[in-house]
Amino acid sequence: MVQPPWRTDPAVFDWRGLYFGSHIGVGSSRTDWERATGALAAYSPFGAENVSGGARYGVQIGYNFQSGPVVIGAEADLSFGHSSGFARCALAMYVCTTGINEVGTVTARLGYATGNFLWYGKGGGAWAQIDRNLTSSVITPVYSVSETRAGWTVGAGAEYAFNSALSAKIEYDYADLGRRSLTVASQFGQVADFTTSQNLHLVKLGLNYHLGAAPTPASGLSIPAGALPQWSWTGIYLGVHAGGAFGRNEFVSATAALLASSSSGGFPGGGNTEGLLAGGQIGANYQTGGWVVGLDVAAAASAIDGYAKCAQNVFGLINNACHNRITSLGTIAGRLGPTFGNLLIYGKAGAAWGAETSEISNFYAPDSYTESGTRWGWIAGSGLEYAFSRNLSAFVEYDHIDFGTRNASFASQLGNTSVVGLNQRIDLVKTGLNYRLGGGPPTLDANAADPKLFLKAAQSPAGWTIEVGARYYGSNGRMQKDLYHPFTPARLNSRLTYADQAGHAGETFFRFDHDSGIFVKGNFGLGHLVGGNLNDEDFPGAVDYSNTLSKMKDGRLMYGSADIGTNIITARDAKLGGFVGYRSFYERSNDSGCLQIATDTLCVPTDQTSFVGLSETASWRGVALGLNARMGLTDRLKLEVDAAYLPFVNREGIDNHWYRSNINPQDEPGHGWGTQFEAILSYAVSERLSVGIGGRYQFLTTTDGSTHFPTIADNSPQKQYSERYGGFLQTSYKFGDVPDRLDQATNAQAADKVPPPAPVNWSGIYIGGTIGAGLGRSRYADPFPAPVWGDDADLGGATAGGQFGANYQAGSVVVGGEIAASWADIQGSNTCFAGFPNASLAGFNCGSRIGAIGAFTARIGYAWARALVYARGGLALDHQRDEFNTTGVGGTIQDHSSTNWGWIAGGGLEYALTPRWSVALDYKYYDFGKSGAFTTTALPELTNINLAPASNRIQTFTMGVNYRFAPIEWL
């Protein structure tokens, strides 16, 4: 690689001295509730475990000593936030809740420095402030205790110095807070002891400022020769922003009517809150030396809301739903931070306000309580702002807002009143643009600005190309939960299907690429789920098969990823790499109304109210392994493909039955796996600014989910699915060393009339492998009256395999043949024969699982430059297992395997990385026809009826890597 003229090979960075900084991140914790004595001993088994998670933010201070490349130091940090999780304990009669607040560590660090990197390990002491509560919907005593628990911690991280004053780090810490017995007392004086074990997992992203340091060319930044250009942030600006919020609402107290309605239980209740916001800001900066001080005033319209269970009455087995919505949000804050030319890193603090409305309602009560008002609190946060020109800049910012506890007067339509205490905390992630007044029209042309932007290209971190951007993600999806009997695990008791949930999300993303081939990438998104239906099935219901239909409302989704990898193959304008990473996905679905569409008596008469009936909240977190390919189709047109398999996923679910206090909430833990596939086609408007379109598919499922009902000793097995697919629009901006190939190519062809390059010759034999995802549907031929629901099973999952083929090319036309075989796990289930003549027995669980796929196809394509676009068609076969479950009527699970033949059609794009290696984006549509027939004699009406699917169709999206035995003709 040719070294840019301004770059020199950096020496080992000097890490010595005092530093301080801030960090943001996420934390998760596992609590094992082991045993209890005293007043709780009668509820046995007591044990349970829960996982809690949440955002964290904080500060750190440290000091380093250095001898050559070895760095020894000490560091103390303190993080704030609230991570809440619960589990059913004490024979599932109680809900055991853990809330982790402040977390601190004091550690020693030992690291090795190379260039501007510091790789380090750390170890020492840790502590956390923890709240624990035991509440019940069927037992009056409530137990609460707070503790500060200490233990030990170990961790590891990487820190990168942008210059001698500023560095960034990514770090993972594990803390074990040990096993401890606690004594608690109820509000009536009963005393109990219980034992818990506690651990923590923390992931942090941070910035450090090194005292007494000044930026120097030797620090590793690509600083041009001569004096640094002057840059000033002084002036008045105005702008726009958009983002998302997530946080916690705690309804802590009540008086009068609401207190009286919950006198035998307890009023307090808490829940998560999420939503989107968009607005504007105005501010002023003043710069002195390398520091900027300013004032920023921002206001935004918002849709941030959440539900919490509150005001429960254990004797009446009822509870209220406490709902809060923030409709607008604003801040008045001071800003302070160091500036590095046209990069400003700042902290902020000040006052915050929110206009909000709240409602407390009970399905069984005639009146509902409402209030509205403006809440005031404080804000603390930090951000990065980057100036594209002297008058236009962009920023990304994280803020924490605490409104504290405020008492508000609630009134019902019947004239009843109650004063309710509500505590609110919100975390914001937002991005935006600022325009500085007096600088002329907004422009991205740095060369037209005086002074020029020296951070735009020349002074980026040495060897790094950084791309950041924003997306709109429109999607659709489903969430499904199958509940089985605790004592007869094969029997399906009920099924919830949240279908056709359209999603709208805003997403930020980043990618760092180093000259060495290392890359780091990730994204974070927040959005709303709108529309859709909930089908709630019971086998049977009150009398017969029950299927109630409800409308969806107020849904939310939040997701993120972080990957680190290295390129395996690097060629001009193309890279293929492998990565390991982390995926997190959160979704909340709420329904309203209830219409019976089967023959049962549940929801008869129809519930036409807007009262929330069911809420399903799921958090999926797991490890990702995958491949990433980037291909330059033309000088401006780029294609990126990302395929990941998630071998281990943890699910934490919460089921809120708002009509039934005794099972509200239900915890639903589980473990499973998943897959994710996405492709992005981008167009370079300039060397640094790009726009693009893309698509994404995600599938997650459990292999051992469960829940625990009160008074039942055994867990009830569950099978959970989450599937989402959609497209996005994006724009991104690159920082760092970006060669001026666009202008060079354009100028060269205009001046010399250079024709486009001849296509690669694809003739020859190849072998390769694929990884990807698949979705489809198995449809059943129902001999009974047409039901209102069911008779087909949506399928989703992962696939991986290999292929062998040969091509022949004449001119730009390529023809060939290919044989492919793949392992697959594409699965799904649904209800069949809901119109069965005996309504009390109707509704059988059916489903399919495709385990292997084969294909014999011919290909024809068109080649240009290093790309080949092609279509394919031919024969295909699969091996699948079909099931029909009659356990609920005294039968068994009918399990039948068959090999099904059909046809395949599809197409894709293949790109030559080197004379022997290529990478391909491939789409295939399969129609396997009907499965092999099987029957059952469990019921006379089912005798001689084919229980196998009448049609099986799937689609797959894969990334393929091919190797050619003889090198292809190269450009």
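**View 1. Ile100 and the residues packed around it.** Leaving aside residues up to four places away in sequence, Ile100 touches Ser29, Ser52, Arg56, Gly81, His82, Ser83, Ala128, Gln129, Ile130, Gln198 and Leu200 (contact here means heavy atoms within 4.5 Å). This is a predicted model, where local features need pLDDT of at least 70, side-chain atom pairs count only at pLDDT 80 or more, and totals for chains, interfaces and linings use all residues. Residues are numbered from 1 along each chain as its sequence is written, and side-chain values use heavy atoms, with hydrogens and water left out. You'll find Ile100 in strand 5 (residues 94-114); helices (H or I, at least four residues) and strands (E, at least two) are DSSP runs, numbered from the N terminus. Ile100 is buried, at a relative accessible area of 1% (buried is under 20% relative accessible area, exposed is over 50%, partly exposed is in between, with a 1.4 Å probe and protein chains only). Among its contacts, Ser83 sits 17 residues away along the chain, yet the two C-alpha atoms are 5.1 Å apart.

**View 2. The Glu171–Lys122 salt bridge.** Here the closest N and O atoms of Glu171 and Lys122 are 2.9 Å apart (a salt bridge is a side-chain nitrogen of Lys or Arg within 4 Å of a carboxyl oxygen of Asp or Glu). Glu171 belongs to strand 8 (residues 166-185) and Lys122 to strand 6 (residues 117-135), so this pair ties together parts that are 49 residues apart in sequence. For scale, a search of the whole structure turns up 57 salt bridges.

**View 3. Asp305 meets Arg325.** The side chains of Asp305 and Arg325 form a salt bridge, 3.7 Å from N to O. It links distant parts of the chain, with Asp305 in strand 12 (residues 291-313) and Arg325 in strand 13 (residues 318-340), 20 residues apart. Asp305 is buried, with a relative accessible area of 0%, while Arg325 is partly exposed at 22%.

View 4. Glu910 and Arg964 pair up through their side chains in a salt bridge of 3.2 Å, N to O. The two ends come from distant parts of the chain: Glu910 is in strand 36 (residues 893-912), Arg964 is in strand 38 (residues 949-964), and 54 residues separate them. Both Glu910 and Arg964 are buried.

**View 5. Asp922 and its polar partners.** Asp922 lies in strand 37 (residues 917-927) and counts as buried at 5% relative accessibility. Which side chains make polar contacts with Asp922? One is Tyr870, at 2.3 Å, and another is Arg872, at 3.2 Å. A polar contact is a pair of N or O atoms within 3.5 Å; within protein, one must be able to donate a hydrogen and the other to accept it, and residues adjacent in sequence count only if both atoms are side-chain atoms. Setting aside residues up to four places away in sequence, Asp922 touches Tyr870, Arg872, Gly907, Gly908, Thr956, Phe957 and Thr958.

View 6. The largest cavity holds about 220 Å³ of space and is lined by 24 residues, with Thr770, Gln803, Asp922, Lys924 and Thr958 nearest its centre. On a 1 Å grid over the protein atoms alone, a cavity is a set of points where a 1.4 Å probe fits but cannot get out, and lining residues have an atom within 4 Å of a point. Grid points are joined across faces, edges and corners, and a volume is the space filled by probe spheres set on the points. Strand 38 gives the largest share of this lining, five residues. By class, the lining has eight nonpolar, ten polar and six charged residues (Ala, Val, Leu, Ile, Met, Phe, Trp, Tyr, Cys and Pro count as nonpolar, Asp, Glu, Lys and Arg as charged, and the others, Gly among them, as polar). The total count is nine cavities of 30 Å³ or more.

**View 7. The second largest cavity.** Its volume is about 190 Å³. Of the 20 residues lining the second largest cavity, Tyr559, Ser584, Phe585, Gln676 and Gln698 are closest to its centre. Strand 23 gives the most to this lining, four residues. The lining of the second largest cavity splits into eight nonpolar, eight polar and four charged residues.

Terms used
1 Å grid on protein atoms, 1.4 Å probe; cavity = no way out; pocket = protein on both sides within 12 Å on 5 of 7 lines; lining within 4 Å.
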